Amino acid sequence: MEYTKNPTVLKWIEEIKGLVTPDNVMWIDGSEEQLEALRAEACATGEMIKLNEELLPGCYLHRTKPNDVARVEDRTFICTRKEEDAGPTNHWCDPLEMYERLYEIARGTYKGRTMYIIPFSMGPIGSPLAKIGIEVTDSIYVVLNMAIMTRVGIRVLEQLGDSNDWVRGFHAKCDVDKEKRYICQFPEDNTIISVNSAYGGNVLLGKKCFALRIASYQGWKEGWMAEHMLILGIENPQYEIRYVAAAFPSACGKTNLAMLIPPKYLREKGYRVWTVGDDIAWMRIGPDGRLYAINPENGFFGVAPGTNEKSNFNALASTKKNAIFTNVAHDLDTNTVWWEGLNKNLPENCIDWKGDKWDRNKFDKKDKSTCAAHPNSRFTAPAVNCPCLSDEFDKGNGVPISAIIFGGRRAKCTPLVYQSRDWENGVFVGSAMASETTAAAAGAVGVVRRDPMAMLPFCGYHMGDYFQHWLDMGEKLGDKAPKIFNVNWFRTDDEGNFIWPGFGDNMRVLNWILDRCDGKVGAKETAIGYVPYAEDIDLTDLDFPIETLKTILDVDPAVWTKEAEEIEEHYVKFGDRLPKELREQLNTLKANLNQ
Ligand code: GTP
Ligand code: SPV
Ligand code: MN
C-alpha cells in the first residue's frame, strides 16, 4: 500500500532501504491493531515481557544490554560542515566522513529483520509550532516507544503532504556494539543517524536528537527556542492559571516538578498544578508579544527509581496502564515491576535489570551494584494517563510563560531560589549553571560540571551563538519577557542529607516566584540577584525551622568568589563567540562580590 507520494520521503526511504537491505518493510500507520501485533511479536521473541494484565493492563517490561543503559555523550556528534559551528561543547566530525563511516557500519544490518518506517509529529498534528519527522528503525521496542512518546501514523504523512520540511531519523541496532556506537546529528541536512544502541535517549530520535539538538538549530535559524524544560500551569484560588518553564539537567527533577502536588493547606485554599510537559519545551513569540510554549512530546520517558506514591503520585499513576518499563526489576510473584524507592516491600522472588535472580538480602542501598533496577531505569507512559494533565496539552497554540526557572544539583553554593535582575542577567545565570552529573548519561556520577541552560549535551550548534540567540529573544520580547529565576532543591548538610524537603513543598518556592512576577513581594538584593526574605517563603504545616531556611538562602561571598572564577574559566572556551553582554555580567558579579 502506498502511504505517501512525497518525493523527498520516498527517495530517502529507498536510499536507506538499499543500504540496510531488510527482509521486510512496514509503515507504521498508527493503528491499534498494528501496534498490538507488534507487541505480540516482541513478546514471542522475548524482546518484551507482558506484565500482569489486571494490575498493569497493557504494560510491558524490556531490558537493554548492560552496556547500553544511558545516553552516551562521548559518542554523540554534531556534524556541521565547519567544525567551529558545532562549538567547543560538542564532539564534531566532518559530515561526509561521518556519513561514510555510519553507512559502512549500518550496511546490510537489517538482513533478516524488518525495516519499520515511523512518521511522527513533534507537537499536536497541525500545530503551528509542530514539526514532522520520519524514523526508520529495526527495533519493535523503538516503534512502540515512539508510539507513546510522539504522535505517529498516516495522519502525520497527510499533514506533511509534499513538503520537504521534515527530519530524517535513521536508527540501526546493529550488534549494540559499544565501540561502534554513534549518535550523530547533521543539523544542516535535517538528519539524525544512530547506530549500535537500543537505549531510549539514543534511539527514540524524536526526543533529544530531534526535539533538542536539531530543533535548537532550527530555532536559532527561524527565531524560536527548543529547550530542555518542563512546562507547568499553576492554578490559584481565583482559578487563574499561570505557566512556568523550568530547565534542570537530566535526572534533576523536571518530571517531579511538572507533576507536583501542592501541600495540603494550599490544596485546601484551591491551588492546583497542571502538567503541560516534563522534559522539552518549544517556545515562540505569540501574536501578543509574549513567549508561548508547547510540549512537543506525547508521553513521559521518566526516571523510575525514587518514583513512588508520595514523591510523585501523578507520575506513578501515569505508569499504571499502557506503559513500557525499561531496566526495572521484575517481581515474579505478581508479574509486576519494582524499583528502589517504589516502596519498602523488597520483592522476594525477583529478577534484576540485567535478567539475573536478585537476592534482596544482599541489597545495600548505598551500593548501586546491588540494586534490582538500574539507576537510570525508566518508564514510558502516555501523557493522557497523567491525572493532572493540562487541558492545554493537546492544543497547538501553546501556553504563555510567566517565568523561566533554571536549576541544578548543588550540594553547596547556590541558594534555594533567587531571581535574576533582568533578562540579560537571567541569561548569564543560565549560561553559568552547574550541576552534579547523574546516571542519565554514561560516566561518573556526582561531579559538578557547567551545564548551561541544562543544554550542554543537547545544543545542536555553537553554544556562544546559543547564548546570543537567548539575548536576541529577550530583545524581541522586551517588557513581555518572562522573569528568570534559579532554584536548587539539593543543598546538603554535613552528613550529605538534603536540607530542603523538596517535591510537593517546592510549591512554596513556586508561589514566591509568582508573587515576584506580580510584584507582590519584596526581596533582598545580593551580589547574584534577588534572594527571598526567609519570612516570605510560606512554611505553614512544615516542620522546618526558619533558621534552617536562612542557611539555604544564604549567599556566601567567599564561595561565590570561587564560583565566579570557575565561570570565568568556563567562559574561556567560547572565545570571541561569547556575547560581550555575558562578559559584562560576569564583571558585574565580580564587582558586586568585592563590595
Ligand atoms: P530526565 O528525565 O533525565 O530529564 O530527569 P528529570 O529532570 O525529569 O528528573 P526527575 O524528576 O525524574 O528526578 C530525578 C531524581 O531527582 C529522582 O530520583 C527524584 O526522586 C529526585 N528529585 C526530584 N525532585 C526532587 C526534590 O525536590 N528534592 C530531592 N531531594 N530530590 C528530587
Ligand atoms: C535525559 O537524559 O535528559 C532524559 C532521558 O530525559 S533520555 O531520553 O535518555 O535523554
Ligand atoms: Mn531530560
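Which helices and strands each supply at least two residues of the lining of the largest cavity? I looked this up in a predicted model, in which local features need pLDDT of at least 70, side-chain atom pairs count only at pLDDT 80 or more, and totals for chains, interfaces and linings use all residues. Residues are numbered from 1 along each chain as written, ligands from 1 in the order written, and side-chain values use heavy atoms without hydrogens or water.

**Cavity**

I found that α11 (423-431), β29 (483-487), α15 (557-572) and α16 (580-593) each supply at least two lining residues; helices (H or I, at least four residues) and strands (E, at least two) are DSSP runs numbered from the N terminus. I noted one cavity of 30 Å³ or more, and a volume of about 200 Å³ for the largest cavity. A cavity is a set of points on a 1 Å grid over the protein atoms alone where a 1.4 Å probe fits but cannot get out, and lining residues have an atom within 4 Å of a point. Of the 22 lining residues, Tyr-418, Val-429, Ala-432, Asn-486 and Trp-560 are the closest to the centre.

**Manganese site**

I then turned to the manganese ion (ligand 3), which Lys-208 (NZ), His-228 (NE2) and Asp-279 (OD) coordinate at 2.1 to 2.5 Å; donors are N, O and S atoms within 2.8 Å of the metal (3.2 Å for Na, K and Ca). I recorded the donor spacing along the chain as K-x19-H-x50-D. Lys-208 lies in helix α7 (residues 206-222) and His-228 in the loop between β12 (225-227) and β13 (229-235), so the pair ties together parts 20 residues apart in sequence. Both Lys-208 and His-228 are buried (under 20% relative accessible area, 1.4 Å probe, protein chains only).

Key
Buried < 20%, exposed > 50% of the residue type's maximum accessible area, 1.4 Å probe, protein only. 1 Å grid on protein atoms, 1.4 Å probe; cavity = no way out; pocket = protein on both sides within 12 Å on 5 of 7 lines; lining within 4 Å. Points joined across faces, edges and corners; volume = space filled by probe spheres on them.
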